[in-house]
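Subject: Structure for you to look at

Hello,

Here is the structure I said I would pass on. Please open it and keep it beside you while you read the rest of this email.

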Amino acid sequence: MKKIALIAAVALALPLVAMAQDAAKPAAKPAAKAASSSTAKAPAKKHQVTRKAAKAVEEVTPINTDTDVTLSEADLAVAQRVSVGKAQCELGADVTVTPDDKKPGFFTVSTKGAKYRMHPVESRTGAIRLEDPRAGAMWLQLGNKSMLMNQKAGLRLADECQTEAQVAFAAEMKKNPPKALFDGADGEKK
């Protein structure tokens, strides 16, 4: 008989315990929210890296040489015309274009603290164009000058860059300027 009374008491107590737990849960949630909102109001400390430190890290960080770009015959033909070496730019900047010995058609283009792994891209205008799609950088080479741009940031990183060959080409253009679009074959304007 005592066992039956004990079982009945436990059976009656279980629903009461469950109701007590449900009543305690909502009260605990606002307390937890209040505790988390007070910690959320405290500003998180950010560690800022100086620009000089970021440049130093960038200079020693190797560029990623793994690319999934397959160059066509036209791209390889464009790569043959890329002017390599150091190009002096305006405002004392310089850009160095180095061919990759292990992977023909690919180049490393570097300037103050930035290195890009670039490959040729065919252009409609005939200009030589190298791109690093991952970094959003582009090297545009004309006969008389070149420029390095970051398309993601919308910035020119280096402008009016010239190798020795481009300096000679620019001097030749000054001596023998190209004919204007509307000039005839004999040089007279129509």
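Below is what was found in it, going from the whole chain down to single residues.

This is a predicted model, in which local features need pLDDT of at least 70 and side-chain atom pairs count only at pLDDT 80 or more, while totals for chains, interfaces and linings use all residues. Residues are numbered from 1 along each chain as its sequence is written, and side-chain values use heavy atoms, with hydrogens and water left out.

The whole chain

The protein chain has four helices and eight strands. Both are DSSP runs numbered from the N terminus: helices are H or I with at least four residues, and strands are E with at least two. Along the sequence, the pattern is α-α-α-β-β-β-β-β-β-β-β-α.

Of the 190 residues of the protein chain, 25% are buried. Here buried means under 20% relative accessible area, exposed means over 50%, and partly exposed is in between, with a 1.4 Å probe and protein chains only. The protein chain exposes about 14,100 Å², and carbon and sulfur atoms supply 60% of that area. Accessible areas come from the Shrake-Rupley method with a 1.4 Å probe, and for residues only the protein chains shown count as cover.

A contact means heavy atoms within 4.5 Å. Among contacts in the protein chain with a separation of 6 or more, 36% are between residues 24 or more positions apart.

The sheet

In what order do the eight strands lie in the sheet? The order is β1-β2-β3-β4-β5-β6-β7-β8, the sheet is open, and the pairing is antiparallel. Two strands pair if DSSP finds at least two bridges between them. The edge strands are β1 (85-88) and β8 (155-161), each of which pairs on one side only. From one strand to the next, the twist averages 25°. Angles run from 0 to 180 degrees between N-to-C directions, and axes are lines fitted to C-alpha atoms, for helices over the stretch in contact.

Helix α3 (residues 73-80) lies across β3 (107-111), β4 and β5, and runs at about 125° to β4.

β1 and β2 (residues 94-99) are antiparallel and share four bridges, with G85 opposite V97 in β2. These two strands form a hairpin with five residues between them. L91 lies in the loop between β1 and β2, and its phi is near 60°, a positive value in a residue other than glycine. Most residues other than glycine have a negative phi. L91 is exposed, with a relative accessible area of 81%.

E160, in strand β8, also has a positive phi, of about 55°, although it is not a glycine. Is E160 buried or partly exposed? E160 is partly exposed, at a relative accessible area of 35%.

Strand β5 and its neighbours

Three bridges join β4 (residues 114-121) to β5 (residues 128-132). P120 stands opposite L130, and V121 has R129 as its bridge partner. The hairpin of β4 and β5 has six residues between the strands, and G126 in the turn has a positive phi of about 95°.

On the β6 side, five bridges join β5 to β6, and L130 stands opposite W139. This hairpin has four residues between the strands, and G136 takes a positive phi near 80°.

Four of the five residues of β5 are buried. E131 lies in this strand and is counted as buried because its relative accessible area is 17%. The side chains of E131 and R129 are joined by a polar contact of 2.5 Å. A polar contact is a pair of N or O atoms within 3.5 Å; within protein, one must be able to donate a hydrogen and the other to accept it, and residues adjacent in sequence count only if both atoms are side-chain atoms.

The nonpolar cores

A nonpolar core is a set of buried Ala, Val, Leu, Ile, Met, Phe, Trp, Tyr and Cys residues joined through side-chain atoms within 4.5 Å. The largest one has 20 residues, and V95, V109, M118, W139 and L148 have the most contacts inside it. At least two residues each come from α3, β2, β3, β4, β5, β6 (137-141) and β8. β4 supplies the largest share, three residues. Another core, apart from this one, has five residues, among them M138, L140, M147 and M149.

Regards
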